[in-house]
Amino acid sequence: MKKMSKFFSEKFASLEAYTPGEQPKDMKYIKLNTNESPFAPSPSVIKAAEEEAGRLQLYSDPELTPLVAKLAELYGVDKENVIATNGSDEVLNFAFMAFSDDSHPIIFPDITYGFYPVFANLSGIPYEEIPLKEDFTVDYRDYVGKGKNIVIANPNAPTGLALTLSEIEEIVRTNPDNVVIIDEAYVDFGGESAIPLTKKYDNLLVTGTFSKSRSLAGARLGFGIASKEIIRDLNTIRYSTNPYNVNRMTMMAGCAALDDNDYYMQNCKTVMENRAYTKSRLQALGFSVLDSKANFLFAKSPDISGEELYLSLKSRGILIRHFKKERIKDYNRITIGTRAEMDAFLSATENILKEKKQ
């Protein structure tokens, strides 16, 4: 850990910050490491952002009125059931702040999105990590009737595995006095959304992002859908920290993206097709590949370590994501790109394995 200044608060002395996926600038890479979309935003999204750029001297709408209205319409809820945020990370952080404390700890899987323990430690929230099963699945029964706040990424990251809607409902139903957060960053790639359950349960918060399926990772836009009371709580935190949290260009880009929803959902279908193709090719090379419902695959080879494959691919201009955590260090997470990008990755991988055997 880097040495902090003498002014850094002691309460953060042991804080281990989130490590984002690398964004090297030394050469042009095929980026299959940060789960971005391989597709550009639709032309109308680019136009909307350009038009709004001429009004950047003005603050953005703190209520994000047009964006919230379009989200509510798309997902079949009332406007009061929606909050828009600076990426889904922000609404997740708001939720940790709003609902968890010493008396209300939070639980989540031990292998999942790396920001959850960071959010907990940042706010001094006690938390428990529940181990995934041997096959890397989340066993919903581990969360039934726990009497604690819960956050689950569904589909999970970095595994890509998903719970069914009935399993999620059982978790929500049996923890009526606690908030259950379902992080649906990857749901558009084959998962089943829990948003309809927010009409039935007042303790459920579903979060989403425009970063993956709607090609706006660089714009930073997310949202949450829940009961009006939970959204009111989250907005209290938002107005107490950054009421102008979504800039004007991003808001209008998000509106245009929702208007072009069919374009983005078709892109998701293409990603799913490329995912199936890549999985089949990797299995033919001897890889074990989990049954992902996300825009990435989680895979390992019996012939090469996860770290060696990652480094070998990087030297060839292809980035994938490697994690050093003991239980998953032999695996790599591979973002699904275009067919050409996946063919380049597969060809390089095949060559690396051949060289390894020589």
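Reader: What volume of space lies in the second largest pocket?
Author: About 290 Å³ of space lies there. Please keep in mind that this is a predicted model.

Reader: Which residues lie nearest the centre of the second largest pocket?
Author: They are Glu63, Val68, Lys79, Val82 and Asn235, out of 16 lining residues. Helix 2 (65-75), strand 2 (82-85) and helix 6 (228-241) each give at least two residues to this lining. Helix 6 has the largest share, with six residues. By class, the lining has eight nonpolar, two polar and six charged residues.

Reader: How many residues line the largest pocket, and which lie nearest its centre?
Author: The lining has 49 residues, and Tyr18, Thr19, Gly114, Arg321 and Phe323 lie nearest the centre. The volume of the largest pocket is about 1,400 Å³.

Reader: Which helices and strands supply at least two residues each to the lining of the largest pocket?
Author: Helix 3, strand 3 (106-109), helix 4, strand 4 (127-130), helix 9 (306-315) and strand 12 (321-322) do. The largest share, three residues, comes from helix 4. Sorted by class, the lining of the largest pocket holds 21 nonpolar, 14 polar and 14 charged residues.

Reader: Helix 3 and helix 4 also meet each other; why are they called oblique?
Author: The axes of helix 3 (residues 87-99) and helix 4 (residues 115-122) cross at roughly 45° and come within 10 Å. Roughly parallel would need an angle under 35 degrees, and roughly perpendicular runs from 65 to 115.

Reader: Which residues make the contact of helix 3 with helix 4?
Author: Helix 3 brings Asp89, Leu92, Asn93 and Phe96, while helix 4 brings Phe115, Tyr116, Phe119 and Ala120. Six of the residues in this contact are nonpolar, one is polar and one is charged.

Reader: What makes helix 1 roughly antiparallel to helix 7?
Author: Helix 1 (residues 43-53) and helix 7 (residues 248-259) have axes that cross at roughly 150° and come within 8 Å. Angles over 145 degrees count as roughly antiparallel, so helix 1 is roughly antiparallel to helix 7. The crossing of helix 1 and helix 7 is right-handed too.

Reader: Which residues of helix 1 and helix 7 meet?
Author: From helix 1 come Ser44, Val45, Ala48, Ala49, Glu52 and Ala53, and they meet Arg248, Met249, Met252, Ala253, Ala256 and Ala257 of helix 7. This contact of helix 1 with helix 7 comprises nine nonpolar, one polar and two charged residues.

Reader: How many cavities of 30 Å³ or more are counted?
Author: The count comes to one. The volume of the largest cavity is about 30 Å³.

Reader: Which residues line the largest cavity?
Author: Its lining is made of Ser37, Phe39, Phe189, Lys212, Ser213, Tyr264, Asn267, Cys268 and Val271.

Terms used:
Residues are numbered from 1 along each chain as its sequence is written. This is a predicted model: local features need pLDDT of at least 70, side-chain atom pairs count only at pLDDT 80 or more; totals for chains, interfaces and linings use all residues. Side-chain values use heavy atoms; hydrogens and water are left out. Axes are lines fitted to C-alpha atoms, for helices over the stretch in contact, and angles run from 0 to 180 degrees between N-to-C directions. Helices (H or I, at least four residues) and strands (E, at least two) are DSSP runs, numbered from the N terminus. Contact means heavy atoms within 4.5 Å. Ala, Val, Leu, Ile, Met, Phe, Trp, Tyr, Cys and Pro count as nonpolar, Asp, Glu, Lys and Arg as charged, and the others, Gly among them, as polar. On a 1 Å grid over the protein atoms alone, a cavity is a set of points where a 1.4 Å probe fits but cannot get out, and a pocket is an open set with protein on both sides within 12 Å along at least five of seven lines; lining residues have an atom within 4 Å of a point. Grid points are joined across faces, edges and corners, and a volume is the space filled by probe spheres set on the points. A crossing is left-handed if the near helix is turned anticlockwise from the far one by less than a right angle, and right-handed if clockwise.
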